[in-house]
Amino acid sequence: MEFKVKPLVAELVGTFWLVLGGCGAAVLASDFGVGGNGTSLGIGFVGVSLAFGLTVVTGAYALGHISGGHFNPAVTLGMVVAGRFDPKHAAGYVGAQVIGGIIGAAVLLGIANGQAGFEIGEGAGVFASNGYGDFSPGGYSLAAALIAEIVLTAVFLVVILGATSKKAAPAMGGLAIGLALTLIHLISIPVTNTSVNPARSTSQALFAGSDQLGQLWLFWVAPLIGAAIGAGLHRYVLGDTEDVVIGHDPSAV
């Protein structure tokens, strides 16, 4: 395989895994029902939050050395703003991430359809989709969704950039990033069903229905704004100039 293709394949596979693992946990296991002793068999918000965090941890350690382990268009933009990623590779990364997410959602739908009577349904959070207003799990407004997605994505980028800086402990970066994503989900599942990742939102909205597609704009705009803010804060206030790399190899983020 040509070298330049490897990072794109890694981003596709990593985003596929994030959607299948995180959204799969939400669709298949979050509300599984009650066992014979009255105990819930579903994993709930905490389980889904952990599932998203674990996909990032495992993906980062398995694929991060190939592509940098973005798995998220907002992270790719943040890396560009932070001066750690060559802008000429950004479009390819975003395309690979969106395709990987869609494949993950398609596989998830194929699995879910294996249960008799399965339907995606309508309303908030169906098929692990994101939304605001009537399509927010907790009925939160558009303004609340914007604030949550912008702020949480900004903090996510600060964590990513800090945990992967040259002065940080390199072996712990993936764990810190995964735990940050877990915490982000614990905060915002009731608000938007948690995006902070336009590829993840796009993949689910395509299968969830026209109402979710109509709200998808927010889950591109807000994470991208948040990523730019967080990356700018780290680059110009919190970080070190030694972490800024221009025109580097995308496999060495």
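Visitor: Which residue joins its side chain to that of T192 in a polar contact?

Guide: This is a predicted model, in which local features need pLDDT of at least 70 and side-chain atom pairs count only at pLDDT 80 or more, while totals for chains, interfaces and linings use all residues. Residues are numbered from 1 along each chain as its sequence is written, and side-chain values use heavy atoms, with hydrogens and water left out. T192 lies in helix α6, where helices are DSSP runs of H or I with at least four residues, strands are runs of E with at least two, and both are numbered from the N terminus. A polar contact (a pair of N or O atoms within 3.5 Å, one able to donate a hydrogen and the other to accept it within protein, with residues adjacent in sequence counting only if both atoms are side-chain atoms) of 2.6 Å joins the side chain of T192 to that of E149.

Visitor: Is T192 buried or exposed?

Guide: Contact means heavy atoms within 4.5 Å, and, leaving aside neighbours within four places in sequence, T192 is in contact with S129, N130, G131, P137, A145, E149 and F219. Buried means under 20% relative accessible area, exposed over 50%, and partly exposed in between, with a 1.4 Å probe and protein chains only. Because its relative accessibility is 0%, T192 counts as buried.

Visitor: What covers the buried residues of α5?

Guide: The buried residues of α5 include A145, A148, E149, L152 and F156. The 22 residues of α5 should span 32 Å at 1.5 Å a residue, and its end C-alpha atoms are 31 Å apart, which agrees; the expected span is 1.5 Å times one less than the number of residues. The cover over its buried residues includes α3 (73–81), α6 and α9.

Visitor: Which residue forms a salt bridge with K167?

Guide: A search of the whole structure finds one salt bridge, meaning a side-chain nitrogen of Lys or Arg within 4 Å of a carboxyl oxygen of Asp or Glu. The pair links distant parts of the chain, 73 residues apart, with K167 in the loop between α5 (142–163) and α6 and D240 in the segment after α9 (218–238). K167 counts as exposed at 63% relative accessibility, whereas D240 counts as partly exposed at 30%. With the closest N and O atoms 3.6 Å apart, the partner of K167 is D240.

Visitor: Which elements give two or more residues to the nonpolar patch?

Guide: V46, L50, L54, L183, L186 and I187 make a nonpolar surface patch of about 550 Å², an accessible area from the Shrake-Rupley method with a 1.4 Å probe, where for residues only the protein chains shown count as cover. Patches are made of residues with over 30% relative accessible area and no salt bridge, like charges being joined within 9 Å and nonpolar side chains (Val, Leu, Ile, Met, Phe, Trp, Tyr) within 5 Å. The elements giving two or more residues are α2 (44–67) and α6.
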